[in-house]
Amino acid sequence: MPEKTTPRPIRRRQPTHPGEILREDVLPELRLSVAEAARQLRVTRQTLHRILSGRSAVTPEMALRLGKFCGNGPDLWLRMQQAHDLWRAKEQLRAELEQIPEHAVR
C-alpha cells in the first residue's frame, strides 16, 4: 500500500501591485503621461514613478487620491496593496510560520 502523503498547498501567483494596474491599464486608457498624471494627482513624478514600478506601496493618502482620480474610491487601491503585501510577507515567512503552533480561539 502506498505511503500517505500530505498534499502541498497550491501556491497562487503573487497579486498584482496596484502600480502595475496604473502603469499598464489606467494611464494608457486615459492617454496621460506620468508627468501629467502626477500633476493631476498633486504628487511628484518621482512619487508616482516609485508606485508605478512597484518600489513604493499605495498608502491610504495615495489611495484617496487614486480613488478620486479613477472614480472608484480608495478601498479598491488599498485592498490591492494589502493583498500584494500579505502574499509577499507569507512567502518570506513561510518556513518560520510553519514552526508556530496554531491554537483554536473562540
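Biologist: Which residues touch the most other members of the largest nonpolar core?

Modeller: In this predicted model, Leu22, Val43, Leu48, Val58, Met62, Leu66 and Trp77 touch the most other members of the largest nonpolar core, which holds 16 residues. H1, helix H2 (34–41), H3, helix H4 (60–70) and H5 each supply at least two residues of this core.

Biologist: What makes such a set of residues a nonpolar core?

Modeller: The members must be buried residues of nonpolar kinds, Val, Leu, Met and Trp being among them, and they must be joined through side-chain atoms within 4.5 Å. Trp77 belongs to that set, and, with residues up to four places away in sequence not counted, Trp77 touches Pro18, Ile21, Leu22, Val26, Val58, Ala63, Leu66, Gly67, Cys70 and Asn72.

Biologist: What is the pattern that the protein follows along the sequence?

Modeller: The pattern is α-α-α-α-α, in keeping with a count of 5 helices and 0 strands. Buried residues make up 21% of the 106 residues, and of the contacts between residues at least 6 apart in sequence, 54% join residues at least 24 apart. The protein exposes about 8,700 Å², of which carbon and sulfur atoms supply 52%.

Biologist: How do you know that the buried residues of H2 line one face of the helix?

Modeller: The buried residues of H2 are Ala37, Ala38 and Leu41. Seen down the axis of H2, these residues fall within an arc of 100°, so they line one face of the helix. They pack against H1, H3 and H4, and just after H2 the chain reaches Arg42, which takes a positive phi of about 65°.

Biologist: Why is the pairing of Glu36 and Arg39 called a salt bridge?

Modeller: The side chains of Glu36 and Arg39 meet at 2.6 Å, N to O; the cut-off is 4 Å between a side-chain nitrogen of Lys or Arg and a carboxyl oxygen of Asp or Glu, so the pair qualifies. Being 3 residues apart in helix H2, Glu36 and Arg39 are separated by about one helical turn. In general, an α-helix has 3.6 residues a turn, so residues three or four places apart point the same way.

Biologist: Why is Arg39 called exposed, and why is Glu36 called partly exposed?

Modeller: Arg39 has 56% relative accessibility, and exposed means over 50%, so Arg39 counts as exposed. Glu36 has a relative accessible area of 25%, which lies between the 20% limit for buried and the 50% limit for exposed, so Glu36 is partly exposed.

Biologist: How many salt bridges does a search of the whole structure find?

Modeller: The search finds 3 salt bridges. One of them joins Arg94 to Glu91, with the closest N and O atoms 2.4 Å apart, and these two residues, being 3 residues apart in helix H5, are separated by about one helical turn. Arg94, at 29% relative accessibility, counts as partly exposed, as does Glu91 at 23%.

Biologist: What makes the pairing of Glu24 with Arg23 a salt bridge?

Modeller: The closest N and O atoms of Glu24 and Arg23 are 3.0 Å apart, and the cut-off is 4 Å, so this pair meets the criterion. In general, side chains of opposite charge can pair when their charged atoms come close. Glu24 is partly exposed at 47% relative accessibility, and Arg23 is partly exposed with a relative accessible area of 36%.

Biologist: Which residues make the nonpolar surface patch of about 260 Å²?

Modeller: That patch is made by Leu93, Leu97 and Ile100. Leu93, which is found in helix H5 (residues 74–98), has a relative accessible area of 38%; a patch residue needs over 30%, so Leu93 passes that limit.

Terms used. Residues numbered from 1 in each chain as written. Predicted model: local features only at pLDDT ≥ 70, side-chain atom pairs only at ≥ 80, totals over all residues. Heavy atoms only, no water. Patch = residues over 30% accessible without salt bridge, like charges linked within 9 Å, V, L, I, M, F, W, Y side chains within 5 Å. Areas by Shrake-Rupley, 256 points an atom, 1.4 Å probe, with all protein chains shown as cover. Helix = DSSP H or I, 4+ residues; strand = E, 2+ residues; numbered from the N terminus. Buried < 20%, exposed > 50% of the residue type's maximum accessible area, 1.4 Å probe, protein only. Contact = heavy atoms within 4.5 Å. Arc of directions from axis to C-beta.
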